[in-house]
Amino acid sequence: MNRQSQAAVLFLLGVALLHAGTTDLYLRYVKAGLQPLLLASGSVLIVAALATAWYERRRAKEMRAPKGPAHPEPGVSWLLVLPLLALMLVAPPALGSYDATRTGTALQEPLAYPSLPATDPLRLSVVDYAGRAAYDHGRTLSGRRVQITGFVALDRAGTPYLVRMALNCCAADAQPVKIGLIGDTPPVLQPDTWLTVTGTYTARESRDPVNDGRIPFLDVLTAKPVPTPRDPYDESYNN
Amino acid sequence: MAIGQAAPRDERTGRPPPPEQPRRLTSPLVLTLLLLLLVLLQSPIRRALSAPMMQSWTTVFVAVVIQALPFLVLGVLLSAAIAVYVPPSFFARALPSRPALAVPVAGMAGAVLPGCECASVPVAGALVRRGVTPAAALAFLLSAPAINPIVLTATAIAFPRHPEMVVARFVASLLVACAMGWLWQRLGRPGWMRTPTHAHHEGRTRGAAFWDSVRHDVMHAGGFLVVGAMAAATLKAVAPDSWLRTAAGNPLLAVLALAVLAVVLSICSEADAFVVASLTQFSLTARLAFLVVGPMIDLKLFAMQTGTFGSAFALRFAPLTFVLAIASAVLTGAVLL
C-alpha cells in the first residue's frame with residue numbers, strides 16, 4: 001500500500017470513529033465513557049491523513065527521492081479495511097440472546113442496598129433487581145411493583161429470561177445478568193425483543209446451567225415491547 | 001497481497017514510473033476498486049453476517065478494534081514525539097548506565113503511562129530506536145499496562161473485598177517485568193530483535209518526520225491489531241463457557257486455564273479485573289494469574305509485538321513471558337493471598 005492509499009485509509013478510519021462517536025453507534029461496542037477518546041483519536045487520524053497527503057504532494061513536487069533504502073510498506077495494513085467496512089457497512093447490533101444463553105450470569109453480591117424511592121411502579125435496572133432479589137431475599141422489594149427493561153432470551157427448556165449485558169469496557173468483556181420470568185408472560189416471546197416488564201418479587205430462584213450462578217425470578221403482571229434503548233448495555237459495574 | 005507488495009517498489013526507486021510504460025495496478029486503484037466492490041456487495045455481505053454467531057463475531061471484532069484504537073493512537077503519538085523531539089542523550093541521562101539497574105527503573109517508569117497494552121508496544125519500539133537498552137525497554141513494555149494507576153484503581157473497584165489483589169497484581173507484574181528484562185540482558189542476542197527501522201529524518205522538517213512516524217505506526221500496528229481482534233472474536237464466539245467450569249475444581253488446572261483464557265480473550269488491561277472478578281468459582285491465585293498474564297501477553301499483543309520487533313523476537317519472548325508470569329502469580333499468590 002503506498003502512502004496515498006494509506007492516507008485514504010487513515011482518513012476513512014478517522015471518519016468512521018467520528019461517525020460512531022457522534023451518533024449512538026459507539027454505545028453498541030464500547031462503554032459510554034470512551035466517547036471523548038474516540039472523538040479525539042478520530043480527529044488525530046484525520047489530521048495524520050491530511051498531513052501525509054500534504055507532505056506526499058510536496059515531495060512529489062520537489063521530485064525528491066527519500067534518502068537510503070525506503071522501508072517496505074507492510075501488507076498487513078490492508079487488514080485495516082476490515083473494521084472500517086464492518087463499522088460503516090454492517091454496523092453489527094449489540095450483543096444479544098446468543099451470547100446471553102452461552103455465558104453464565106455475572107450477578108455479584110451488591111455492596112449495599114440503598115433505600116428505594118416511593119414511586120409506583122418502581123423503575124429498577126436488571127442488575128439492581130437481581131442483586132436485591134437474590135442476595136437480600138427481596139427485603140427492599142416486598143409489596144412493590146417494579147418495572148424493568150431488558151431483552152428476551154430463551155434457554156434450551158424454553159424458560160424466558162429478561163437479560164441485560166453488563167459491560168465494563170467493550171463488548172468483548174460483556175457478561176449477561178439474567179432474571180427468570182414467570183406469571184403473566186406474553187404467549188409468544190421472540191429472543192432479542194426488548195421488553196419493559198412490570199411485576200412483583202417472587203422468592204423463586206434457579207441456577208444458571210452454564211456457571212451455576214443465581215438467577216432470581218420476577219412475577220410478571222404486564223410486559224410491553226419497547227425499542228432498543230440508547231445504551232443497550234448496563235454499565236453500573238463501572239461506577 | 002501480491003498487489004500490495006508491488007506498490008512499494010515505486011517508492012523504493014522514488015520516481016514516478018516513466019509515462020510511456022503502461023502503469024501497473026497501483027494500491028490507490030486497488031483500494032478504490034475494493035471499496036466500490038464491497039459497497040456494491042453490501043446486501044449479500046449483510047445477509048451472510050446475519051446468523052447469530054457471525055453477528056456476535058462481528059460485534060466483538062468491531063468492539064475490540066474500536067476500544068483499542070484510541071489507546072493505540074495515544075501510544076503512537078507518544079512514540080512519534082519520543083522519536084522526533086526527545087534527543088537520545090535524554091535517555092542516556094535519565095536511565096542508569098548499568099543495564100542491570102536500568103531494568104527496574106524502566107519497569108517502575110511503566111507506572112506513569114496511563115493506558116492499556118496497545119499504547120505500550122509502539123512506545124517501547126520508539127525507546128529502542130532512541131538507544132535505550134532493549135532489556136530496559138522490554139521491562140517498560142511489560143510493566144506499563146499492568147501497574148499504571150488507572151489499571152490498579154480498576155482492580156481495586158473490581159475486588160472490593162480483596163484489596164490485597166491490588167498489591168499482589170502490582171508486585172507480581174513488576175517482578176515479571178524485571179525478570180524478563182534481566183533475562184533478556186543475559187541471554188538475548190541482538191539478532192533476535194529486529195530493531196524497528198524508520199526512514200532517516202535528515203533533510204526533512206520535524207513535522208514531516210513526526211507525521212510520517214504516526215502514519216507508519218498506525219498502519220502497521222493497526223494491521224496487527226486487526227489480526228489479534230479477529231483471533232479474539234473467533235475464540236469468544238466458538239469456545240463454550242462450560243469448559244471453564246470443569247477446570248475450576250483443580251487448583252493447578254485453574255491457574256493454567258485462566259492464564260490461557262487471558263491470552264485468548266485479549267481484553268484491555270483496564271477491563272480485565274472486572275471480567276475475572278465474576279469468575280468466583282476460581283481461586284484468588286488463579287484470578288491473579290489472569291491479571292498478570294493478560295496485560296503482558298495475549299493474541300493481540302503477540303501480533304503487535306511480531307509487527308514491531310519481528311517474529312524471531314516474539315516467538316522467543318512471548319512463551320517465556322507466559323511461563324514467568326504464571327510462576328510469578330503463583331508465588332505472589334502463595335505469599336500475599
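Predicted model: local features only at pLDDT ≥ 70, side-chain atom pairs only at ≥ 80, totals over all residues.

Mentor: Residues are numbered from 1 along each chain as its sequence is written, and chains are lettered from A and ligands numbered from 1 in the order in which they are written.

Trainee: Why are helix 13 and helix 15 of chain B called roughly parallel?

Mentor: Helix 13 (residues 251–265) and helix 15 (residues 284–296) of chain B pack at about 30 degrees, with axes 8 Å apart. Angles under 35 degrees count as roughly parallel, over 145 as roughly antiparallel, 65 to 115 as roughly perpendicular and the rest as oblique. Helix 13 and helix 15 of chain B are therefore roughly parallel. The angles run from 0 to 180 degrees between N-to-C directions, with axes fitted to C-alpha atoms over the stretch in contact.

Trainee: Which residues of helix 13 of chain B meet helix 15 of chain B?

Mentor: Among them are B:A254, B:L258 and B:A262, and on the helix 15 side the list includes B:A286, B:F290 and B:V293. By class, that contact of helix 13 with helix 15 of chain B has 11 nonpolar, two polar and one charged residues. Contact means C-beta atoms, placed from the backbone, within 7 Å.

Trainee: What makes helix 11 and helix 16 of chain B roughly antiparallel?

Mentor: Helix 11 (residues 206–238) and helix 16 (residues 299–309) of chain B pack at about 150 degrees, their axes 8 Å apart. That angle makes helix 11 of chain B roughly antiparallel to helix 16 of chain B. The residues in this contact of helix 11 with helix 16 of chain B are 10 nonpolar, five polar and one charged.

Trainee: How do you know that strand 5 and strand 6 of chain A pair, and in which sense?

Mentor: Two strands pair if DSSP finds at least two bridges between them. Strand 5 and strand 6 of chain A have 11 bridges, in the antiparallel sense, and A:T200 stands opposite A:D219 in strand 6. Strand 5 and strand 6 of chain A also form a hairpin with six residues between them, and A:D212 in the turn has a positive phi of about 65 degrees.

Trainee: Which other strand pairs with strand 5 of chain A?

Mentor: Strand 2 (residues 146–154) of chain A runs antiparallel to strand 5 (residues 194–207), joined by six bridges. There A:Q147 has A:T198 as its bridge partner.

Trainee: In what sense do strand 4 and strand 6 of chain A pair, parallel or antiparallel?

Mentor: Parallel, over four bridges, with A:G183 partnered by A:V220. Strand 4 (residues 175–183) of chain A also pairs with strand 3 (residues 160–166) in the antiparallel sense, over six bridges.

Trainee: What is the peptide bond from A:D120 to A:P121, cis or trans?

Mentor: Cis, with omega near -5 degrees. A:P121 sits in the loop between helix 4 (97–102) and strand 1 (122–123) of chain A.

Note on methods: Helix = DSSP H or I, 4+ residues; strand = E, 2+ residues; numbered from the N terminus. Contact = placed C-beta atoms within 7 Å. Nonpolar A, V, L, I, M, F, W, Y, C, P; charged D, E, K, R; others polar.
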